[in-house]
Amino acid sequence: MLRTLTRLLRGRRDSAQLDFGLADAAPKNADELLARLRGLGLTRLHRCKLTRNRNVMVSFGGDELRVHEGYLDAPEPVLRAIVTFVEGTTRAERRAAQRVIVAHPIRAARAPARRDRTHPDDVAVAEKLAAWHQRFNVRHFHGRLRHVPIRVSRRMKSRLGHYTAGTSGGESAEIAISRAHLRRHGWEETLHTLLHEMVHQWQDETSRTIDHGATFRAKAREVGIAPYARRVLATRPGRAEGSQTLGRRAARDG
Ligand SMILES: [Zn+2]
């Protein structure tokens, strides 16, 4: 599903590239990228930073835009999509832009960091979680979600768990669950987190954006979990307003 979408977009990109011509050289740094985006209609943001975190493609907050360096050589339709992601006025518009952004393949400058392994003492817990993944899959997703490795992490402290999408470079998707979370909050809460991450997996496998937006909330309610990014909803009005992140990972925080 995702591959089809990528190919479709790539095809569209090639023809768009022909339409627009290749007159503009690719921006070489953050300033040139910002100038290019402003030329395409970006007005809200005045600073730009390049990032290397492969899990985040584009994010913005305040007047700063952060873009993964893999977008420096992105074709114009993708750059236009970044502008729409920031400036777009309707949700549909921004959603369409997100798809274009996510479909752009970013080449990793460095080899991906090796993932942690589940500690031998936690293997039994990981297996139990995998069994629950199967059960939840049948119960809430018609058994359509793929098998993904589930890792128990001893490093995660404030985060309860996360789902990370696979990459075209061959890195597999995974769900990681915090061992500290299990110890602190117990098995029921940990299953809640597992299901939360499975909603992100569902977003990914159905070519939706991985986020905590309206689709996430609707699906979370459907499967019977709290539709929030955090375990306890902290109401801090205005704090997150006007800031957004688009990436391949979503975490549940404690
Ligand atoms: Zn989440």
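Which residue in strand 8 is the bridge partner of Tyr163? It is Ala250, and the views below show where that pair sits in this predicted model.

**View 1. The whole chain, to get our bearings.** The model is predicted, and its secondary structure amounts to seven helices and eight strands. The chain has 254 residues, of which 29% count as buried. If we take the contacts between residues at least 6 apart in sequence, 62% of them link residues at least 24 apart.

**View 2. An open sheet of four strands, in the order 4-6-5-8.** Pairing in this sheet is mixed. Strand 4 (150-153) and strand 8 (249-253) are the edge strands, each with a single partner strand, so one side of each has no neighbour in the sheet. On average, neighbouring strands are turned by 15° against each other, direction ignored. As a reminder, strands of a sheet pair through backbone hydrogen bonds, either parallel or antiparallel.

View 3. Strand 5 (residues 159-164) and strand 8 run antiparallel and are joined by five bridges. Look here for Tyr163 and its bridge partner in strand 8, Ala250. Helix 5 (residues 123-141) packs on the sheet, where it touches strand 4 and strand 6 (174-178). The direction of helix 5 makes about 140° with that of strand 4.

**View 4. Helix 3 crossing helix 4.** Here the axes of helix 3 (residues 76-87) and helix 4 (residues 91-103) come within 8 Å, crossing at roughly 140°. Angles over 145 degrees would count as roughly antiparallel, so this pair is oblique. The crossing is left-handed. On the helix 3 side, the contact is made by Pro77, Val78, Ala81, Ile82, Thr84 and Phe85; these meet Glu93, Arg94, Ala97, Gln98, Val100 and Ile101 of helix 4. By residue type, the contact of helix 3 with helix 4 has eight nonpolar, two polar and two charged members.

**View 5. Helix 6 crossing helix 7.** The axes of helix 6 (residues 179-205) and helix 7 (residues 214-223) come within 10 Å and cross at roughly 130°. Helix 6 and helix 7 are therefore oblique to each other, and helix 6 passes helix 7 in a right-handed crossing. From helix 6, Leu195, His196, Val199, Trp202 and Gln203 meet Thr215, Phe216, Lys219, Ala220 and Val223 of helix 7. Sorted by type, the residues of this contact are six nonpolar, three polar and one charged.

Methods: Residues are numbered from 1 along each chain as its sequence is written. This is a predicted model: local features need pLDDT of at least 70, side-chain atom pairs count only at pLDDT 80 or more; totals for chains, interfaces and linings use all residues. Helices (H or I, at least four residues) and strands (E, at least two) are DSSP runs, numbered from the N terminus. A residue is buried if 20 or more other C-beta atoms lie within 10 Å of its own, exposed if 12 or fewer, and partly exposed in between; C-beta atoms are placed from the backbone. Two residues are in contact if their C-beta atoms, placed from the backbone, lie within 7 Å. Axes are lines fitted to C-alpha atoms, for helices over the stretch in contact, and angles run from 0 to 180 degrees between N-to-C directions. Angles under 35 degrees count as roughly parallel, over 145 as roughly antiparallel, 65 to 115 as roughly perpendicular and the rest as oblique. A crossing is left-handed if the near helix is turned anticlockwise from the far one by less than a right angle, and right-handed if clockwise. Ala, Val, Leu, Ile, Met, Phe, Trp, Tyr, Cys and Pro count as nonpolar, Asp, Glu, Lys and Arg as charged, and the others, Gly among them, as polar. Two strands pair if DSSP finds at least two bridges between them.
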